[in-house]
Amino acid sequence: MNTALTSLLDLLDLERIEQDIFRGISRSAVVPRVFGGQVAAQALVAAGRTVPGDRAAHSLHAYFLRPGDPGAPIVYQVDRIRDGRSFATRRVVAVQHGLPIFHLSASFQEHEEGLEHQEPMPPAPDPESLPTAEELLPAHADRFPDPKVVDRLLEARAAVDLRYAEDPPFLAAGQGPREPRSQVWFRTRGKLADDPLLHVCLATYVSDMTLLDSVLLAHGRGGWAVGDVVGASLDHAMWFHRPFRADEWLLYDQQSPSASGGRGLGTARIYTQDGRLVASVIQEGVVRVPR
């Protein structure tokens, strides 16, 4: 396990300061605010630590309310909405400087047998055949107006091996609209403990990294790092269908059905390498063209 992954796991190991109140710290992000995937993952950790271990997270719904301050701790207040015979529901508010910055609702369920079907996995290249971030980003450093961006992007991906199946938006910028679809493979850069909540939280963390890429591709835009759009996550929802491991390759198949009003919508499916559909994701974000 590399030091970056160890640091990320430490980030998700929240300090309990009261029965249902937790405190987390932040790490430096690519943008000058707390990374949204970090807040979502930490909030899910807080919720999960108030639920019996035999109930697994099966859904979350969240709103990003204010930019987080990476230099200040975040307090997570958990409200035990319901504990039923099969399901448990939690509400989490993340607070900084006395103000809520993030709100999450999550539901947990005991294991249950039931009907089974799934959308089939789409075609995708072998992840081992794709360039790593360390190979891709430095080779195209001239695409970014700020030369420090490459180092910041590499730092953000140091704990997670994330590989694009096709040219990412920063390489496709200026080439005209493309099909609003993007695929990435990801896994942590090291083995993880056999804790289902940990694997779900790490997938939640990664899910905020690239979901709006498909919006950018539809308009030939390169993204904030190129400087032709500005944006931020507004809300985020995930459904976890089947158990999985975040330290094994997962395909993040993303597309955008719509963009309007300064907002873009991304939808996605997450598959294991052997084709099991393990999660569905939807996110809306601000996507604005600078004036």
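Because the model is predicted, local features are taken only where pLDDT is at least 70 and side-chain atom pairs only at pLDDT 80 or more, while totals for chains, interfaces and linings use all residues. Residues are numbered from 1 along each chain as its sequence is written, and side-chain values use heavy atoms, with hydrogens and water left out.

**The sheet**

Begin by selecting the strands, which, like the helices, are DSSP runs numbered from the N terminus (E, at least two residues, for strands; H or I, at least four, for helices). An open sheet is formed by 12 strands in the order β1-β2-β4-β5-β6-β3-β9-β12-β11-β10-β8-β7, with antiparallel pairing; two strands count as paired if DSSP finds at least two bridges between them. At the edges stand β1 (15-18) and β7 (160-164), each with a single partner strand, so one side of each has no neighbour in the sheet. From one strand to the next the twist averages 25°, where axes are lines fitted to C-alpha atoms (for helices over the stretch in contact) and angles run from 0 to 180 degrees between N-to-C directions.

Next select strand β2 (residues 21-24) and strand β4 (residues 74-83), which run antiparallel and are joined by four bridges; here phenylalanine 22 stands opposite tyrosine 76 in β4. Continue to strand β5 (residues 87-96), which is antiparallel to β4 and joined to it by eight bridges, with glutamine 77 opposite valine 93 in β5.

Buried means under 20% relative accessible area, exposed over 50%, and partly exposed in between (1.4 Å probe, protein chains only). Five bridges hold β7 and β8 in an antiparallel pair, with aspartate 161 partnered by arginine 187 in β8, and six bridges join β8 to the antiparallel β10, where the partner of glutamine 183 is aspartate 253.

**Helix α1**

Select helix α1 (residues 3-12) and colour its buried residues, Ala4, Leu5, Leu8, Leu9, Leu11 and Leu12. They cover an arc of only 155° around the axis, which puts them on the same side of α1; the arc is that of the directions from the helix axis to the C-beta atoms. These buried residues pack against α2, β8 and α6, whereas the face turned away from them carries the exposed residues Thr3 and Asp10.

**The nonpolar cores**

What has the most contacts inside the largest nonpolar core? Select Tyr76 and Phe102, the residues with the most contacts in that core of 72 residues; a nonpolar core is a set of buried Ala, Val, Leu, Ile, Met, Phe, Trp, Tyr and Cys residues joined through side-chain atoms within 4.5 Å. The element that gives the most to this core is α2, with eight residues. Apart from it lies another core, of seven residues, including Ala165, Trp185, Tyr271 and Leu277.

**An aromatic pair**

The whole structure holds four aromatic pairs, that is, rings of Phe, Tyr and Trp (its six-membered ring) whose centres lie within 6.5 Å, counted as stacked with planes under 30 degrees apart, edge-to-face over 60 and tilted for the rest. For one of them, select phenylalanine 144 and phenylalanine 170, whose ring centres are 5.0 Å apart and whose planes are at 45°, so the pair is tilted. Phenylalanine 144 lies in the loop between α3 (133-139) and α4 (149-156) and phenylalanine 170 in helix α5 (residues 169-172), so the pair ties together parts that are 26 residues apart in sequence. Phenylalanine 144 is buried at a relative accessible area of 5%, and phenylalanine 170 is buried at 10%.

**Aspartate 54**

Finish in the loop between α2 (36-48) and β3 (55-64), where aspartate 54 is found and is partly exposed at 48% relative accessibility. Leaving out residues up to four places away in sequence, aspartate 54 touches Gln109, Glu110 and His111; between aspartate 54 and histidine 111 the C-alpha to C-alpha distance is 7.5 Å, although they are 57 residues apart in sequence.

How values were computed: Contact = heavy atoms within 4.5 Å.
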